[in-house]
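Let's walk through this model together, starting at the surface and then turning to the spaces inside. Please have the sequence and the 3D view at hand.

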Amino acid sequence: FDKGEVLARVRSQLRIRSLTKEVIEKQKHLDNDLKVAAGIQQSLLPSREVPGKSSLKWAWRFKPCEEIGGDIFNILRLDENHYAVYMLDVSGHGVPSALVTVSASQMLQPHTNILVRQDSKGLGKGIIAPVDVVKRLDHEYPMERFDKYFTLVYMLIDTERGLLSYSNAGPPPPLLIRTDGTVKALEKGGPMIGLNGALPFEEEEIPLDPGDRIVLYTDGVIEYEKTDLEFYGEERFHAVIKRSAGLSIDALSEAIMEDLMAFGEGAPPRDDITLLAIESRGDVESARS
């Protein structure tokens, strides 16, 4: 054997081992960073514990397709009688989508001028209408800024008057489930966030009775696929909601997820699966009588 050739091969093998070790270490650091980021994202989700005097009940389920995803939602108490509810879904997956998700969620906070007009001392002067919230976000997040767009539903629930107002920006329409079993799709709104005012948005206000429920969800629910590429779809989604009408709000959410996972036969989701169910409590009835 040529000693020079043997030495070159040994050096090459050592170099490969060194590079492999370096790649493994970098992957470990990346995996750890993603887990930390996922924990931060989870901390932005609403509490599962509903305040004892709250005029609403809620339950949610969140199953990201990767360590971190592009979906986020929250329920925020703006004042004694008003709750803001939002659910947004940023295009794509992974770190770039998650960064836009976190940025938008920080803008959708009560202390900003997005949801509540502030005076010079930071005191709320007025609740901003859903359609104006959506318009503002459409202006703040043009598609060319991050090369991303997102869908959004933003709701305002007035528990004193028993009123729900909302505006959608491209998501699957939330469902309003009345106590008599009728289901209404909440379809008013406009295009996705990111077109910077190219198309108009609309708003709808409807009465909300004690016991009425609202189900918000991202397209990851109805587009969940089996291994044979069949979608879960709206028909199955509506059917399980009707079958589960007599369950508690938390049991309803769990029934939907169980039906979804059973349909998919354990296939990992290709998109984030996000579900939020809200129930109006009976203490709003006197305010509307």
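Which residues form a nonpolar patch on the surface with about 240 Å² of accessible area together? Before answering, please keep in mind that this is a predicted model. The patch is made of V6, V10 and L14. To find your way there, look for helix α1, which spans residues 3-43 and holds V6. V6 is partly exposed, with a relative accessible area of 39%.

Now let's turn to the empty spaces. Rolling a probe the size of a water molecule over the atoms shows where empty space is left. The largest pocket has a volume of about 180 Å³. Its lining counts 14 residues, and those closest to the pocket's centre are E223, E225, P268, P269 and R270. Sorted by class, the lining of this pocket has seven nonpolar, five charged and two polar residues.

A pocket is open, whereas a cavity is a space where the probe fits but cannot get out. The count here is one cavity of 30 Å³ or more. About 40 Å³ of space lies in the largest cavity. By class, five of the residues lining the largest cavity are nonpolar, two are polar and two are charged.

Definitions and conventions:
Residues are numbered from 1 along each chain as its sequence is written. This is a predicted model: local features need pLDDT of at least 70, side-chain atom pairs count only at pLDDT 80 or more; totals for chains, interfaces and linings use all residues. Side-chain values use heavy atoms; hydrogens and water are left out. Patches are made of residues with over 30% relative accessible area and no salt bridge: like charges are joined within 9 Å, nonpolar side chains (Val, Leu, Ile, Met, Phe, Trp, Tyr) within 5 Å. Accessible areas come from the Shrake-Rupley method with a 1.4 Å probe; for residues, only the protein chains shown count as cover. A salt bridge is a side-chain nitrogen of Lys or Arg within 4 Å of a carboxyl oxygen of Asp or Glu. Helices (H or I, at least four residues) and strands (E, at least two) are DSSP runs, numbered from the N terminus. Buried means under 20% relative accessible area, exposed over 50%, partly exposed in between (1.4 Å probe, protein chains only). On a 1 Å grid over the protein atoms alone, a cavity is a set of points where a 1.4 Å probe fits but cannot get out, and a pocket is an open set with protein on both sides within 12 Å along at least five of seven lines; lining residues have an atom within 4 Å of a point. Grid points are joined across faces, edges and corners, and a volume is the space filled by probe spheres set on the points. Ala, Val, Leu, Ile, Met, Phe, Trp, Tyr, Cys and Pro count as nonpolar, Asp, Glu, Lys and Arg as charged, and the others, Gly among them, as polar.
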